[in-house]
Amino acid sequence: MKPIRTAALYARVSTKDKGQDTENQLAQLREFCTRQGWTIAREYVDHVSAKRADNRAQFQALFVDASRRKFDLVLFWSLDRFSREGALATMKQLELLNSYGVNWRSFT
């Protein structure tokens, strides 16, 4: 495995109208990157709840940039913050990142 130098952070809210804020996720992810010595290439944040990945603009942008190898790793707070489309769809998304040569990691 290639050493991790740059990380992309992904955060999202899970429900509408519940006053959720992604900052609590991002603060922990930023601190983790600092402790690892990783540079944060970009933060992708979906502020609007959407169950399907094709309805999350920042999630889509993350995959475009991953395909261009703009970072070494995608870091998200937990697997359910990354995707809630079911096990098969989530595994396909993670495999797609791997096919681009981009690692992924769940913080929790």
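Q: Why is D72 called buried in this predicted model?
A: D72 has a relative accessible area of 9%. Buried means under 20%, so D72 counts as buried.

Q: Where does D72 sit, and what does D72 touch?
A: D72 is in the loop between α2 (57-67) and β3 (73-76). Leaving out residues up to four places away in sequence, D72 touches K2, P3, I4, R5, T6, G101, V102 and N103.

Q: What makes the pair of D72 and R69 side chains a polar contact?
A: The distance is 3.4 Å. The cut-off is within 3.5 Å, so the pair qualifies as a polar contact.

Q: Why is E85 called partly exposed?
A: E85 has 29% relative accessibility. Buried needs under 20% and exposed needs over 50%. E85 falls in between, so the label is partly exposed. E85 lies in the loop between α3 (79-82) and α4 (87-99).

Q: What joins the side chains of E85 and Q93?
A: A polar contact of 2.8 Å joins them.

Q: Which way do the side chains of β3 point?
A: L73 and L75 point one way, V74 and F76 the other, and all are buried. In a regular strand, side chains alternate between the two faces of the sheet.

How values were computed. Residues are numbered from 1 along each chain as its sequence is written. This is a predicted model: local features need pLDDT of at least 70, side-chain atom pairs count only at pLDDT 80 or more; totals for chains, interfaces and linings use all residues. Side-chain values use heavy atoms; hydrogens and water are left out. Helices (H or I, at least four residues) and strands (E, at least two) are DSSP runs, numbered from the N terminus. Buried means under 20% relative accessible area, exposed over 50%, partly exposed in between (1.4 Å probe, protein chains only). A polar contact is a pair of N or O atoms within 3.5 Å; within protein, one must be able to donate a hydrogen and the other to accept it, and residues adjacent in sequence count only if both atoms are side-chain atoms. Contact means heavy atoms within 4.5 Å.
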